[in-house]
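Dear colleague,

Please find the structure below, handed over for your files. My notes on what was found in it follow.

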Amino acid sequence: MSEAVQDTNAQKPPIADRTIEEPSPAERARKRMFGHFGFMFGAIVLLGILAIAFLAPLISPHDPLDQQLARKLIPPIWHDSPKATWVHPLGTDQFGRDYLSRLIHGSQISLLIGFAAMLISGVIGTAIGVAAGYFGGKVDMVVNFVITTRLSLPVVLVALAVVSLVGNSLWIVICVLGLLIWDRFAVVMRSTTQQVRNLDYVAAAQAIGCSTPRIIFAEIMPNIVNNLIVVATVEMAHAIILEAALSFLGLGVQPPAPSWGLMIAEGKNHMLFDPWLVGIPGTALFILILSINLLGDGMRDITAPENRN
Amino acid sequence: MLIYALKRLSIALLVAVTVSLLTFSMIYLSGDPAMALAGESATQQDIENIRRVYGYDQPIIVQYFNWLANALQGDLGHSHYLKTEVSNVIFARLPVTMTLGACALGFALCLSIPLGVLAAMRPNTLIDRFALTLAVIGQALPSFWFALIMIFLFGVSLRWLPITGSASWMNFIMPSIALGYYVTPAVMRLTRAGMIEVLSSDYIRTARAKGLRPSVVLFKHALRNAIIPVVSLAAVQFGFMLGGSIVIETIFAINGLGQLAWESILRADLPMMQAIVLVLSCFYIVLTFLADLLNAFLDPRIRVS
Amino acid sequence: MAERILEVENLTVDIPVGGGMLHAVQGISFHVDKGETLCIVGESGCGKSLTSLAVMDLLPKKAIRGANKLELGGEDILNAGERRMSDIRGNTMGMIFQEPMTSLNPAYTIGNQMEEALKRHRNVSTREARDRAIYLLEKVGITAAASRLSQYPHQLSGGLRQRVMIAMTLMCGPNLIIADEPTTALDVTIQAQILLLLAELQREFEMGLILITHDLGVVARIADRVAVMYAGQVVEQGTADQVFNRPTHPYTQGLLDCIPIPGKTERNKPLGSIPGIVPSLVGAFHACHFAERCQYAFAECVKGDIDMRPAVEDGHEYRCLLDPETCRANAQKRGVA
């Protein structure tokens, strides 16, 4: 045995059978994405609704505004009623307008308002949030104060009051919502920027003399964009719900536009005998918001699996 | 602690002043408030009268300080439409809305905190999945639609609960659920995340190493720390709920501030609108201030510094 | 023979991970007698901490514990059940953790947390618990003990917090204390104080002490017996004198070669180092765990499990194919014996 002792080049233990094949990060991300039920469900449903909204004029069987009082309140096809017909699969409303066509065109309004309001609030919130997080000090104090002030204003009430005073059109609703719901963008962007700002590579960029805009756009933005997208989905859903609530109260999108919130409000009076008038647009709203939320939740899980809990 | 409280108080006051300024300037959004108040059938003479009576002919800065000074004395203006003092109406309606808000918050907390704790104790089990599913669904249900469904189910079909009004406690069940469920997901997620973090902390291991009973570990050591952020969130959500009560009160015809706000908006009753926004905002400010104090009380790291 | 406090035989801890089973602790046996200090040394990740948590039955939920024997004062605590274990923990067996900064609950006062430890296991009044807490705080060298009781953890420094932790562990007068790297997170100047304090208290209260550390200097000063761990196994075990002065296992020799020992290490000679890294413990692994990094390794080393075998002296054992004489020769050549 002792002659072997000196043999420093002795055979090393076999380790081949214990190495585990490591998938590449992109592969892992793809696997997480396709393996995430919520994300896939949200993405597919949302894509479906998007397609319906874009193709609305092509696929809707009737004109959503065409009133035929002779054919009013036809129940949807699954109702056991002699009036139910495949001509109006989802029935007609109290003015005889085809409910399916109204539903299809309503998706345009929800998506447009949700997306545009999210864009406006996103630009405002991200700008002041990143500024507060990056510059800190007095800027941070002011931004914090502005956020607190904004949070203390009741959104629905202020939106209703402003719309009632300024007048209501689709674009005014979009602007009012956009100007009101930037708070979450600002709060989240502020805290994530604070975290990223203190990392070494930002200090390194400063040390080699990068300009402030360059640091913000090239060093900080890429690292907070995941959070930004997650907040964007949440706020888009928020804007859609708010629009529906405003329209439901009669101060959002104006009739005869087929907003889902408005459809629920109009159906409300007939709810006792024709509950589907409320049920169908409400379900559409629920599915749209659910898919956006699931997409956002999934995005958070996929991009930051360590923060899952 | 005192310095902390004073600092918070001064910020709260500053926010309140800013909010009052915003609320005040709200009436100028429509252009000429006198014209808006007078309505469409008014003559030029009517408009001039209103302008003088309401002081709209004075410089804006003077108007603001007059309005603020009056508001501080509890005089929130005169409702042109109801022909009465705004503050009287508001304070008559406020208790109804507060009751609704408190019931809704109570419902939300009773549902979300136990569920969040259970989910955190058994992550990735059936109860956790159930809680998360409930949260996802809850977040996607528009409250006004949910309210209508409840009315249809429990009010019309089953006839268990009254549909409208605010006469008995039965009237508050459905509105409280409709208003409260919407904040349940946020509170539940925060409780769950907080509990999971706390349960894996070193001091919980210490508590177990001392041989403490599981219930003591859970309630005395874990929940006490996990609940601190929930307090702030609950205060914020209570404020949001008061704002959201406008939708729910309108649906259930509850005679509270929300319905009053909606009616005032439809009637273009500017002083009333202004006053309601101001009252709700100030209430929110007071609430978050109190939550900060409660937080400081619960967290000795803030209290004793 | 001294009273045996803890007897551990063939303790294993397995943790399911993504790619299979992590065999973190692989059949460890040791014992602690009354008034004895056992030091467990080894690099980070070798299973020291899991061993101590396994004894306390505080392992993470998904970890699987196994053993032939786990006895505390003659009582089987392997199958004791959570109820019985919670009666034992903090009562006859206490533990001090690595992180004094986070090991105390920030929401309660020092007094509250110390008193509850005693009140849980003894039927005493708050008054008595308080007196005991003050007595012990003074014992661990904290001045103005009575006023400390109403302070919160965040008001104390790390060193003070660790003293509080020690005092808290002593509340019920345990027979055995497990200290898991109690000084790693502290300033170097405080480290020695805390460890000497532990050793002193251990002597005074005649407890068994298991000290887990990777600080060999400390071990040399206070250990009665030493177990050297490597990659989930004990590779050498014996009295402090045996392990430090007659190291047998190549890993122990390597470790000792890494630290300067006054009067032993030659001047101007560079300190040794152990090349390579600790092997992954995922999956089955039938070979000497140290072979990959061992300068004496030969073909037989990787052909099967290596068992513990007795060295020359009584109670001294090691896990290597080389016979004791060869090992001794190697140790002398490296200047560690």
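Two strands are taken to pair if DSSP finds at least two bridges between them, and both helices (H or I, at least four residues) and strands (E, at least two) are DSSP runs numbered from the N terminus. This is a predicted model, in which local features need pLDDT of at least 70 and side-chain atom pairs count only at pLDDT 80 or more, while totals for chains, interfaces and linings use all residues. Residues are numbered from 1 along each chain as its sequence is written, and chains are lettered from A and ligands numbered from 1 in the order in which they are written.

In chain C, eight strands form an open sheet of mixed pairing, in the order β7-β8-β9-β3-β10-β11-β13-β12. Its edge strands are β7 (93-96) and β12 (309-310), each of which pairs on one side only. Strands β11 (residues 233-239) and β13 (residues 317-318) of chain C run antiparallel and are joined by two bridges; C:Glu236 has C:Tyr318 of β13(C) as its bridge partner.

Chain C is divided into domain 1 (4-223) and domain 2 (248-334), the bounds coming from an automatic or database domain assignment. The centres of these two domains, taken over C-alpha atoms, are separated by 30 Å. Their contact (C-beta atoms, placed from the backbone, within 7 Å) takes 12 residues from domain 1 of chain C and six residues from domain 2 of chain C. On the domain 1 side, β2(C) gives the most, with five residues.

Turning to the helices, α5 (residues 99-135) and α11 (residues 212-248) of chain A pack at an angle of about 140°, with their axes 8 Å apart. Axes are lines fitted to C-alpha atoms, for helices over the stretch in contact, and angles run from 0 to 180 degrees between N-to-C directions. That angle makes α5(A) oblique to α11(A); angles under 35 degrees count as roughly parallel, over 145 as roughly antiparallel, 65 to 115 as roughly perpendicular and the rest as oblique. Residues making the contact include A:Gly114 and A:Met118 of α5(A) and A:Ala232 and A:Met236 of α11(A).

In chain B, helices α11 (residues 214-252) and α12 (residues 257-267) pack at about 90°, with axes 7 Å apart, and are therefore roughly perpendicular to each other. Among the residues in contact are B:Ile248 of α11(B) and B:Trp262 of α12(B). Chain B is also divided into domain 1 (37-75) and domain 2 (89-277), whose centres over C-alpha atoms lie 39 Å apart.

Yours sincerely

Methods: Contact = placed C-beta atoms within 7 Å.
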